[in-house]
Amino acid sequence: MRSLLQIFGRTVEPRAVVAGALVSTGTALAVGVVIGTLVRERTAAAYAVNGLLFAGLIAGGAVAAARSTAHRLTAAVLSSGPVMVLAVVVQLIRRFGTGEAVAPLGLPLAMLLAASLASLGGLLAGMFSRRRPSLTADPPRSRKQPRSRDQLRSQDQHRPRLR
């Protein structure tokens, strides 16, 4: 049995979220921190680094959604959480470590962009999956609801009788 977690009334599989978070955080660390420090701002290489960061967030959301069986979009958005924490740490290092000026809206917009790209990855994974259940709902339960006698009688009355 898979371990499940309830977040805001949604059932989330932690293994799916962790798998997506590893992909997006690994990409953010490898591309953003390592390669991003070697590239000058506002050059063609800087735009390529941003594109790779975006692709990593989309891939992380897609992995989380593909591995999840219920509430795929929630799992995809939650997979971008570690990248948001990493963005806060990098901004704090830039502000207090090097003394660079940091735009006041830069961090909230980066978090919004990370969540949006991860949800885009979740949507893409849902579109291209073989089984296409709802992206936001729990899977249907296999147990049928028992019918009352009144429901059975009304169903029998509406059936055409063969003579």
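Author: The accessible surface of the protein, in this predicted model, amounts to about 11700 Å², and carbon and sulfur atoms account for 63% of that surface. Of the 163 residues in the protein, 24% are buried. The fold comprises 6 helices and 2 strands, and from the N terminus on the order of these elements is β-β-α-α-α-α-α-α. Among contacts between residues at least 6 apart in sequence, 70% join residues that are at least 24 apart.

The pairing of H1 with H2 is the part to be examined in detail. Helix H1 covers residues 14–35 and helix H2 covers residues 44–67; the two pack at an angle of about 170 degrees, and their axes lie 6 Å apart. An angle over 145 degrees counts as roughly antiparallel, and H1 is therefore roughly antiparallel to H2. On the side of H1, the contact is formed by Ala16, Val17, Ala19, Gly20, Val23, Ser24, Thr27, Ala28, Val31, Gly32 and Ile35. On the side of H2, the contributing residues are Val49, Leu52, Leu53, Gly56, Leu57, Ala59, Gly60, Val63, Ala64 and Arg67. Sorted by class, the residues of this contact comprise 14 nonpolar, 6 polar and 1 charged.

Ala55 also belongs to helix H2. With a relative accessibility of 42%, Ala55 counts as partly exposed, because that class lies between the limits of 20% and 50%. Ala55 and Ala28 are 27 residues apart along the chain, and their C-alpha atoms are separated by 9.9 Å. Ala28 itself is one of the H1 residues that make the contact with H2.

The loop between H1 and H2 contains Arg42. The phi angle of Arg42 is near 60 degrees, a positive value in a residue other than glycine. Arg42 is exposed, its relative accessible area being 74%. A further positive phi, of about 55 degrees, is found at His71, which is likewise not a glycine. His71 is situated in the loop between H2 and helix H3, the latter formed by residues 72–78. In the case of His71 the relative accessible area is 4%, and the residue is therefore buried.

Helix H4 (residues 81–97) and helix H5 (residues 106–127) pack at an angle of about 155 degrees, with 10 Å between their axes. H4 and H5 are therefore roughly antiparallel to each other, and their crossing is right-handed. Met84, Ala87, Val88 and Gln91 of H4 meet Leu107, Met111, Ala114 and Ala115 of H5 in this contact. The residues of the H4 contact with H5 divide into 7 nonpolar, 1 polar and no charged.

Arg10 lies in strand S2, which spans residues 10–12. At 36% relative accessibility, Arg10 counts as partly exposed. Arg10 and Thr74 are 64 residues apart in sequence, and the C-alpha to C-alpha distance between Arg10 and Thr74 is 7.6 Å.

Terms used
Residues are numbered from 1 along each chain as its sequence is written. This is a predicted model: local features need pLDDT of at least 70, side-chain atom pairs count only at pLDDT 80 or more; totals for chains, interfaces and linings use all residues. Side-chain values use heavy atoms; hydrogens and water are left out. Helices (H or I, at least four residues) and strands (E, at least two) are DSSP runs, numbered from the N terminus. Buried means under 20% relative accessible area, exposed over 50%, partly exposed in between (1.4 Å probe, protein chains only). Contact means heavy atoms within 4.5 Å. Accessible areas come from the Shrake-Rupley method with a 1.4 Å probe; for residues, only the protein chains shown count as cover. Axes are lines fitted to C-alpha atoms, for helices over the stretch in contact, and angles run from 0 to 180 degrees between N-to-C directions. Angles under 35 degrees count as roughly parallel, over 145 as roughly antiparallel, 65 to 115 as roughly perpendicular and the rest as oblique. A crossing is left-handed if the near helix is turned anticlockwise from the far one by less than a right angle, and right-handed if clockwise. Ala, Val, Leu, Ile, Met, Phe, Trp, Tyr, Cys and Pro count as nonpolar, Asp, Glu, Lys and Arg as charged, and the others, Gly among them, as polar.
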